[in-house]
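Dear colleague,

Please find below the structure that I am handing over to you. My findings follow it, arranged by topic for a first reading.

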Amino acid sequence: MKLFEFEAKEIIKNYGFEVPQSVLIKKGDDIEKKIKEANIEPPLVVKAQVLVAGRGKSGGIKLVKSIDEAVKTAQILFETPIKGIKPSFILIEKAIPHENELYVGIVIDRSLRMPLVLASKYGGVDIEEIARTKPESIIRYPINTVIGLRSYEARIIGKSIGVTGKALNSFEKFLTTLYKAFIEYDAELAESNPLAYLNDKVLPLDLRITIDDNSLFRHENYAKTEEERLGENTEYEIKAHELDLAFVELDGDIGVLGNGAGLTMTTMDLIYEYGGKPANFLDMGGGADAEHVKTCVKFLLDYPKAKKIFINMFGGITRADEVAKGVVMALNESKVKKPIVIRLTGTNEEQGREILKKAGIEAFNDPIEAVKVVVSK
Amino acid sequence: MGILVNENTRLIVQGITGNEGSFHTKLMLDYGTKIVAGVTPGKGGMNVHGVPVYDTVVEAVKEHPEANSSIIFVPAKFAADAVYESVDAGLKLVVVITEHIPVHDSLEFINYAKSKGVNVIGPNCPGAITPGKAKVGIMPAHVFTPGPVGIASRSGTLTYEVSYALSRAGIGQSTVIGIGGDPVIGLTFTEVMEYYEKDPQTKALIIVGEIGGDAEERAAKMVEEKRFTKPVVAFIAGRTAPEGKRMGHAGAIIMLGSGTYKDKVERLESVGIKVAKTPFELPKLVSDAMKSL
């Protein structure tokens with residue numbers, strides 16, 4: 001779960017590190033009054049609080065010279081969709097004049113199985129971009145979780161990206177604070193980009209924290225606000241999320257349902273291989289019962305991009321008869337008719353085939369044969 | 001022979017009284033796996049399919065000192081604790097079936113287990129099977145047959161698909177391991193390859209990978225450096241998956257431009273590992289690879 005910039009900054013601020021002076025505006029607030037109450041002097045930066053990448057390039061961040069201008073800009077931003085999403089919050093911050101922008105991020109290195117600090121003296125653009133254009137500038141520093149990120153390590157990292165003097169002490173404090181947030185908030189990513197490098201200190205101009213979804217039971221206050229954050233998701237991905245389905249929207253016309261992530265991805269790959277295009281990824285998961293299968297199939301029947309449906313199931317923990325029952329239930333309950341091709345193998349496949357046969361569906365055993373048929377339909 | 005699980009496995013099932021724990025205890029027993037005890041806190045004294053249940057792993061090990069492995073069906077919230085418990089009780093292999101464990105938890109318990117010389121398989125995995133010897137996991141037994149091919153896979157169902165295709169082509173398996181679909185897992189491809197390299201039964205290896213991370217690239221490096229010398233063929237799921245989206249598995253995501261299908265295939269092919277376009281090409285690829293021995 002991605003946190004909004006203002007939430008991430010709140011966390012860092014509560015840990016005692018300075019962030020730019022700011023005020024948070026909700027839709028409907030008296031913007032002028034709030035800015036004046038917060039006592040922030042222009043110039044100001046008006047920032048739409050959205051979770052999509054490339055917010056700046058999409059016009060979600062504006063520099064303004066007066067409170068008047070800030071009010072107008074905020075009003076406009078509230079009505080301006082950024083990659084399809086209108087912001088519910090706007091953060092108005094004191095502009096910080098600066099010349100140098102750094103990049104600092106913490107991620108989990110899957111192979112080392114350790115948190116990894118990434119730092120570069122070339123902040124302000126995406127880390128992907130830095131990795132492409134100046135890969136040698138990226139410092140990678142793994143952290144042993146038993147002792148955590150020590151202050152001396154933060155200083156080594158700071159020096160290696162050119163931070164010196166008084167600012168080095170500030171960098172050390174910032175990075176250890178960011179690490180603390182990374183650990184305490186079960187983060188997959190904690191990142192400041194840009195981190196302004198001023199004369200005597202560093203100051204996070206932007207801050208992102210992504211919480212590992214699997215740990216949300218430890219972060220209930222954020223878990224409650226899940227639907228506000230489905231920023232980068234499409235309408236059908238949001239609907240699927242509400243139904244607790246593992247669904248990703250794609251651009252083709254064949255609705256795909258499989259059991260298991262690897263098999264479902266492979267099913268998409270097979271469809272491409274034989275000249276078709278999948279309309280989605282949808283994994284029914286392990287051990288799905290008829291009720292859950294029904295939900296999945298009905299979802300695909302209602303999903304307009306899917307002109308036809310391909311179900312590929314290999315029964316292990318999932319039983320073929322349960323899948324067959326679920327399919328038949330969905331077809332009976334739904335008014336939508338779409339061509340449907342099913343490949344059914346594994347646990348209880350005979351019973352499954354029998355159930356489908358009674359409903360007039362001939363199930364395939366060979367996945368390739370089945371894929372060829374669905375592509376040609 | 002085979003690796004990690006075999007006729008010498010003496011298993012403890014953690015979370016044995018739950019739905020999944022009890023169901024799969026039955027199936028593992030049917031397969032011939034030696035299950036010596038089960039653990040569920042507060043249910044000590046019970047019996048599940050003839051297996052005695054204890055409150056703690058320490059008690060189970062005290063009563064059954066031959067125990068050497070554990071399989072965990074405990075809910076995600078409590079799974080980390082279950083791993084620490086079996087590591088501290090001296091078990092040498094811990095198989096974590098549980099899905100949705102927080103990645104920071106996995107990071108810590110995997111490093112802890114490693115420091116104590118304990119192997120962790122998973123989390124979010126189907127377990128491991130040495131056909132004809134022992135099954136420590138949730139895979140459907142009927143698709144496996146004993147033979148010369150090792151399989152290491154990041155995906156569950158796809159592992160069954162591949163094993164079934166091999167078995168139908170008359171090619172058996174030495175040990176099949178689902179290493180798990182999470183970003184941070186215990187034994188990775190390279191670590192199980194060290195075991196396969198030493199196993200006399202294993203004549204060739206199939207790697208079933210997917211997008212995300214660099215586990216496949218590291219396996220390629222191991223072949224390049226001749227630390228793994230048996231024939232290897234591979235399949236990678238997710239050729240058509242879009243960037244930045246999680247494809248079901250927490251670990252199946254292309255992030256920061258790395259972990260793409262193309263990178264993985266190029267790296268594997270650069271060291272002579274043939275990559276199948278579909279899982280159904282694997283039986284032919286692996287049998288060709290073995291013929292060239």
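I begin with a helix in chain B. The buried residues of H6(B) pack against strand E10 (146-153), strand E11 (173-178), strand E12 (204-210) and helix H7 (215-224) of chain B. Helix H6 itself spans residues 189-198 of chain B, and its buried residues are Phe189(B), Val192(B), Met193(B) and Tyr196(B). Seen down the axis of H6(B), these buried residues fall within an arc of 110°, so they line one face of the helix. Please bear in mind throughout that this is a predicted model.

The sheet in chain B

At the E14(B) end, strand E13 (residues 232-237) of chain B runs parallel to E14(B) and is joined to it by three bridges. Phe235(B) has Ala276(B) as its bridge partner in E14(B).

A buried leucine

Leu166(B) is found in helix H5 of chain B. Leu187(B) lies 21 residues from Leu166(B) along the chain, and their C-alpha atoms are separated by 24 Å.

The two domains of chain B

Chain B is divided into domain 1 (11-121) and domain 2 (139-291). The centres of these two domains, taken over C-alpha atoms, are separated by 26 Å. Their contact takes 10 residues from domain 1 of chain B and eight residues from domain 2 of chain B. On the domain 1 side, helix H1 (19-31), H4 and strand E7 (119-121) of chain B each supply at least two residues. H4(B) gives the most to that side, with five residues. By class, the domain 1 side has eight nonpolar, two polar and no charged residues.

Where chain B touches chain A

How many residues of chain B are in contact with chain A? The contact joins 46 residues of chain B with 41 residues of chain A. On the chain B side, helix H3 (76-88), helix H4 (103-115) and helix H5 (157-168) are the elements that give two or more residues. H4(B) gives the most to this side as well, with six residues, having also given the most to the domain 1 side of the contact between the domains. The chain B side of the contact with chain A divides into 22 nonpolar, 14 polar and 10 charged residues.

Chain A as a whole

Chain A contains 13 helices and 15 strands. Of its 377 residues, 47% are buried. Taken along the principal axes, the C-alpha atoms of chain A fill a box of roughly 75 × 45 × 35 Å. Among contacts in chain A between residues at least 6 apart in sequence, 68% join residues at least 24 apart.

With kind regards

Notes:
Residues are numbered from 1 along each chain as its sequence is written. Chains are lettered from A and ligands numbered from 1 in the order in which they are written. This is a predicted model: local features need pLDDT of at least 70, side-chain atom pairs count only at pLDDT 80 or more; totals for chains, interfaces and linings use all residues. Two residues are in contact if their C-beta atoms, placed from the backbone, lie within 7 Å. Helices (H or I, at least four residues) and strands (E, at least two) are DSSP runs, numbered from the N terminus. Ala, Val, Leu, Ile, Met, Phe, Trp, Tyr, Cys and Pro count as nonpolar, Asp, Glu, Lys and Arg as charged, and the others, Gly among them, as polar. A residue is buried if 20 or more other C-beta atoms lie within 10 Å of its own, exposed if 12 or fewer, and partly exposed in between; C-beta atoms are placed from the backbone. The arc is that of the directions from the helix axis to the C-beta atoms. Domain bounds come from an automatic or database domain assignment. Two strands pair if DSSP finds at least two bridges between them.
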